[in-house]
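Morning, everyone. Please have the sequence and the model open while I talk.

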Amino acid sequence: MNDASDRQVLQKHLAQLPATHPERRAAVVPMMQSLQAERGHLDDKSIEEVAQVTGLSTTEVEELATFYSLIYRYPAGRHVLRVCDSLCCSLRGADRLLQAAEKYSGVSLGKISPDGAFSVLPSICLGLCDQAPAALVDDEAVGPLDEAALQALLQRLRQEN
């Protein structure tokens, strides 16, 4: 794609946002989420495009992109496993769960598995304390998790690919 067609795609995304975002500035996060769903992550060019369309500076867009932990500035696996490591989840075994996630996915924290299937990330408080230890898998809440449930989940995801 060229810059003009990329901006047209962004303008299309902006036009499709709900009326709850009447100001372009208010649409930045939904726009980033939409682009991420399409592209997998937001590279520097994506940040610049969002800034141009919304009228924010690239610095302001970058600040928002790095503040929201569900926005990826770098490529991630096809399946992203975010294991909560807050106090409640830690007390219920999140540390062991993170180690098991690395073991069963074949990827170190923050990296992409060799087959591109998985990324495993620690995440501070997912708001799932009642399901501790919990995780988000492709933005779907799962918990409480133990090693066996995690292993089964990762095997199922691997088979779906």
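Start with pairing: two strands pair if DSSP finds at least two bridges between them. Helices (H or I, at least four residues) and strands (E, at least two) are DSSP runs, numbered from the N terminus.

A word on the source. This is a predicted model, where local features need pLDDT of at least 70, side-chain atom pairs count only at pLDDT 80 or more, and totals for chains, interfaces and linings use all residues. Residues are numbered from 1 along each chain as its sequence is written, and side-chain values use heavy atoms, with hydrogens and water left out.

Angles run from 0 to 180 degrees between N-to-C directions, and axes are lines fitted to C-alpha atoms, for helices over the stretch in contact.

Take strand 1, residues 79–84. How many bridges join strand 1 to strand 2? Six, and strand 2 (residues 118–123) runs parallel to strand 1. Along that pairing, Val80 has Ser119 as its bridge partner. Val83 stands opposite Pro122. Cys84 is partnered by Ser123. On to strand 3 (residues 135–137): three bridges join it to strand 1, and the two run antiparallel. There, Leu81 has Val137 as its bridge partner.

Next, burial. Buried means under 20% relative accessible area, exposed over 50%, partly exposed in between, with a 1.4 Å probe and protein chains only. Six of the six residues of strand 1 are buried, so the strand is largely enclosed by the rest of the structure. In a regular strand the side chains alternate between the two faces of the sheet. Here His79, Leu81 and Val83 point one way, while Val80, Arg82 and Cys84 point the other. Strand 2 is mostly covered too, with five of its six residues buried.

Over to the helix pair. Helix 2 (residues 28–39) and helix 3 (residues 44–54) have axes that come within 11 Å and cross at roughly 140°. That makes helix 2 oblique to helix 3. On the cut-offs, angles under 35 degrees are roughly parallel, over 145 roughly antiparallel, 65 to 115 roughly perpendicular, and the rest oblique.

Who makes the contact, meaning heavy atoms within 4.5 Å? From helix 2, Val28, Met31, Met32, Leu35 and Arg39; from helix 3, Ser46, Glu49, Val50, Val53 and Thr54. An α-helix has 3.6 residues a turn, so residues three or four places apart point the same way. In helix 3, the buried residues include Ser46, Glu49, Val50, Val53 and Thr54. Ile47 and Ala51 are buried as well. Just after helix 3, Gly55 takes a positive phi of about 90°.

Last stop, Gln155. Its place is in helix 7, residues 147–160. At 45% relative accessibility, Gln155 counts as partly exposed.

Note on methods: Contact = heavy atoms within 4.5 Å.
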